[in-house]
Amino acid sequence: MIRTDWRDHDWQLIHTTPQSPTLHMALDDVLTHEVGAGRRAPTLRIWEWASPAVVIGRFQSLRNEVDAEAAQRHGIEVVRRVSGGGAMFIEPGNTITYSIYAPKSLVKDLSFQEAYAFLDEWVLEALAELGIKAWYQPLNDITSEGGKIAGAAQVHRGGAVLHHVTMAYDIDAAKMLDVLRIGREKLSDKGTTSAAKRVDPLRSQTGLPREAVIEHMIATFRRLHGLGDGTLRMDELTQAETLAQSKFGSREWTADVA
Amino acid sequence: MHGEYKMPGGKLVVIDLELHGDRLAKVQLSGDFFLEPDGALDLINRALEGQPAAATEAELARAIAGPLDSDVMMYGISPEAIAVAVRRALHKESAA
């Protein structure tokens, strides 16, 4: 396998109407597989969330991370994703999430640390154009002078690597701390009084609507790497809907690490 | 019993376990680390099951690494970091 560059690939954009948290989990699984098998061109998918969620990492303990009663009270669904990393608190208008489904050749010979930074170089460029000085903070965070902006996670399947990132556009810190246990522990450890000190969202830093930030990110990717407008194939969507129900919506999967 | 260890330059490594006699039981590794393939999590839990509570960090790390194939990828976690979390889980209980 020879190392490839962004421009060696015919990148496709998927940006659909809002979808459920479990369907997002399943689409990541299916599309990574499709790119790995060579049935789909390398793809950038921008997520639109239909409902709030806590997305925990593949190896996080459900009961250690999430206050189930608080999540239920706020109407927040708890789902587990296929990649490692930490819990994400998602509210539809507050979050910018994207996935990159790339052939492994794009990150060949890179260390994990280099691969994370490499796959998000375009985002740092987009943020710089919006006036935010941001950089990669190993292992898997994008941060700024004001605080953390985003967290990334990768997983490898067949011939593909999935790199997905959740960025804080805005944040309801009180609600987040109500639902995520780890947030509370980190606060008590550090003696700080506000989670907002750890996360500095894009809304306050750019003053732009969420949609404008997303449009700018897409334009930056298109300019740097090339990007055609693609769609989900019907068979991909059907497969993902099945998986969303049978696997990602199941108690067995979500509580796999109790 | 519960132990946590933030690996320097890495992620949070968490161990929950019980003691059956002087042996580790019901060991559950968790955290915000990266581990592939994901089935390696169960291999690690099973490798720790039945280990003596008196085992040193080095002994625990060897027990963890033993059954793992060379193609297992760890990012933000290591056998040594897991061993530290296990010792912390055990230590907290004895100190309590």
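Ala, Val, Leu, Ile, Met, Phe, Trp, Tyr, Cys and Pro count here as nonpolar, Asp, Glu, Lys and Arg as charged, and the others, Gly among them, as polar. With that in hand, let us walk through this predicted model, starting with a pocket, going on to the cavities and ending with the contact between the chains.

**A pocket in chain A**

The second largest pocket holds about 260 Å³ of space. Its lining counts 16 residues, and those closest to the centre are Leu62(A), Glu77(A), Val78(A), Arg251(A) and Thr254(A). Four elements of chain A each give two or more residues to this lining: helix H2 (62–65), helix H3 (68–73), strand E4 (77–80) and helix H11 (251–254). By class, the lining of this pocket has 8 nonpolar, 5 polar and 3 charged residues.

**Enclosed space**

Rolling a probe the size of a water molecule over the atoms shows where empty space is left. Searching the whole structure turns up 3 cavities of 30 Å³ or more. The largest cavity has a volume of about 100 Å³. Of its 13 lining residues, Val55(A), Arg81(A), Met88(A), His164(A) and Thr166(A) lie closest to the centre. Strand E9 (147–157) and strand E10 (160–168) of chain A are the elements that give two or more residues to that lining.

The second largest cavity has about 60 Å³ of space. Which residues line the second largest cavity? From chain A come Phe112(A), Tyr116(A), Gln154(A) and His156(A), and from chain B come Phe34(B), Leu35(B), Glu36(B), Met73(B) and Tyr75(B). Helix H4 (112–119) and E9 of chain A each give two or more residues to this lining, as do strand E4 (34–36) and strand E5 (73–75) of chain B. The largest share, 3 residues, comes from E4(B).

| Space | Volume | Nonpolar | Polar | Charged |
|---|---|---|---|---|
| Largest cavity | about 100 Å³ | 8 residues | 4 residues | 1 residue |
| Second largest cavity | about 60 Å³ | 6 residues | 2 residues | 1 residue |

**Where the chains meet**

Between chain B and chain A, 23 residues of chain B are in contact with 23 residues of chain A. Together the two chains bury about 1800 Å², with 58% of it on carbon and sulfur atoms. Phe34(B), Glu36(B) and Tyr75(B) supply 35% of the area that chain B buries against chain A, more than any other three residues.

On the side of chain B that touches chain A, the elements giving two or more residues are strand E1 (2–6), strand E2 (12–20), strand E3 (23–31), E4 and E5 of chain B. E3(B) gives the most, with 4 residues. That side of chain B divides into 10 nonpolar, 7 polar and 6 charged residues.

**Charge pairs**

Side chains of opposite charge can pair when their charged atoms come close. Over all chains, the structure has 22 salt bridges, and the count between chain B and chain A is 1. Asp38(B) forms a salt bridge with Arg58(A), their closest N and O atoms being 2.8 Å apart.

Within chain A, Arg40(A) forms a salt bridge with Glu236(A), where the closest N and O atoms are 2.7 Å apart. This pair links distant parts of the chain, 196 residues apart: Arg40(A) sits in the loop between helix H1 (21–36) and strand E2 (43–47) of chain A, and Glu236(A) in helix H10 (residues 234–248) of chain A.

How values were computed. Residues are numbered from 1 along each chain as its sequence is written. Chains are lettered from A and ligands numbered from 1 in the order in which they are written. This is a predicted model: local features need pLDDT of at least 70, side-chain atom pairs count only at pLDDT 80 or more; totals for chains, interfaces and linings use all residues. Side-chain values use heavy atoms; hydrogens and water are left out. On a 1 Å grid over the protein atoms alone, a cavity is a set of points where a 1.4 Å probe fits but cannot get out, and a pocket is an open set with protein on both sides within 12 Å along at least five of seven lines; lining residues have an atom within 4 Å of a point. Grid points are joined across faces, edges and corners, and a volume is the space filled by probe spheres set on the points. Contact means heavy atoms within 4.5 Å. Buried area is the accessible area (1.4 Å probe) that two parts lose on being put together, summed over both. A salt bridge is a side-chain nitrogen of Lys or Arg within 4 Å of a carboxyl oxygen of Asp or Glu.
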